[in-house]
Amino acid sequence: MTTETITADAAGTWKLGDLPVHRIGFGAMRLTGSAAFHLGTPSDRERSIAVLHKAIELGVNHIDTAAFYFSSLRSANELINSALSPYPDDLVVVTKVGPFRNYSGEWGTSARPDDLRGHVEENLRQLGRDHLDVVNLRRMRQDSIAEHFGALAELREEGLIRHLGLSDVEPRHLAEAQAIAPVVCVQNRFGLDLRNPATDELLRICGEQGIAFVPFFAIAGEAGSQGATTAHDDEVLAIAEAHDASPAQIRIAWTLQQGPHVLAIPGTGNPDHLVENVAAGAVHLTDEELATLDALHQQAD
């Protein structure tokens, strides 16, 4: 398929609270290296900055990042700040807090509620912002998120955060958070070959309540933070061929067609892959193709 002229608006729009975004966005995790965190080799700085410039050129106005997205030489937040500041008026930068990595890159103890102000302030410093558009609380195996989410709600009242979201949660956590403050998005691991009944239920609930559902690793599949999967079912390959598209584009298209409230945030450090990912917003699966892929998802582990 022709990709050069396809921009992010082809996927349509949704709102994160009162902030309109194109439904195809960009995940910043892979800007920092060949694999996430300290698992690969650091990226070429100029190439990563070129990816961010290209994203804006293609109309991407939703970038997902975090202070703990860094490799031995690169920080996603620093790259975003260097490439895009002063930020476009319509750009929505979404961060997440909860996990913590020390300066050597090793994972530390999950944040306590009173640690979250420091996490938010670190994101503010790195991004060069006075407030954060959206902050997701990433649940780190806690049974209750009330204290953590309550701490973020206080920072929202102070004006450091505009909107709040959740990541890696179950339906009960969404209800728990909503009793404290509004939730504008939920980020869970979700993809064609990844099935979790609780996440499928969240997808439905978010649609009913007008909350954005933002899956991560939708292209990566089981490969997760290592990058895009190369294990594609025959059905995916056949549908890709029918659309003159890549299997990754079909995965993104299927993700977007799960509902108008679903936002895709595929990440890459490759400008060509970025163009391809954005162009997936123009791929429209037929009802038959969608049913075929839905059946694959239902069979996934």
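Two strands are said to pair if DSSP finds at least two bridges between them, and strands (E, at least two residues) and helices (H or I, at least four) are DSSP runs numbered from the N terminus. In this structure, Trp-14 stands opposite Val-21 in strand 2. This is a predicted model, in which local features need pLDDT of at least 70, side-chain atom pairs count only at pLDDT 80 or more, and totals for chains, interfaces and linings use all residues. Residues are numbered from 1 along each chain as its sequence is written, and side-chain values use heavy atoms, with hydrogens and water left out.

**Strand pairing**
- Strand 1 (residues 13-16) and strand 2 (residues 19-22) run antiparallel and are joined by four bridges.
- The hairpin that these strands form has two residues between the strands, and Gly-17 takes a positive phi near 65 degrees there.

**Loops**
- The peptide bond from Ser-85 to Pro-86 is cis, with omega near 0 degrees, and Pro-86 is found in the loop between helix 2 (76-84) and strand 5 (92-97).
- Arg-141, which lies in the loop between strand 6 (132-138) and helix 4, has a positive phi of about 70 degrees although it is not a glycine.
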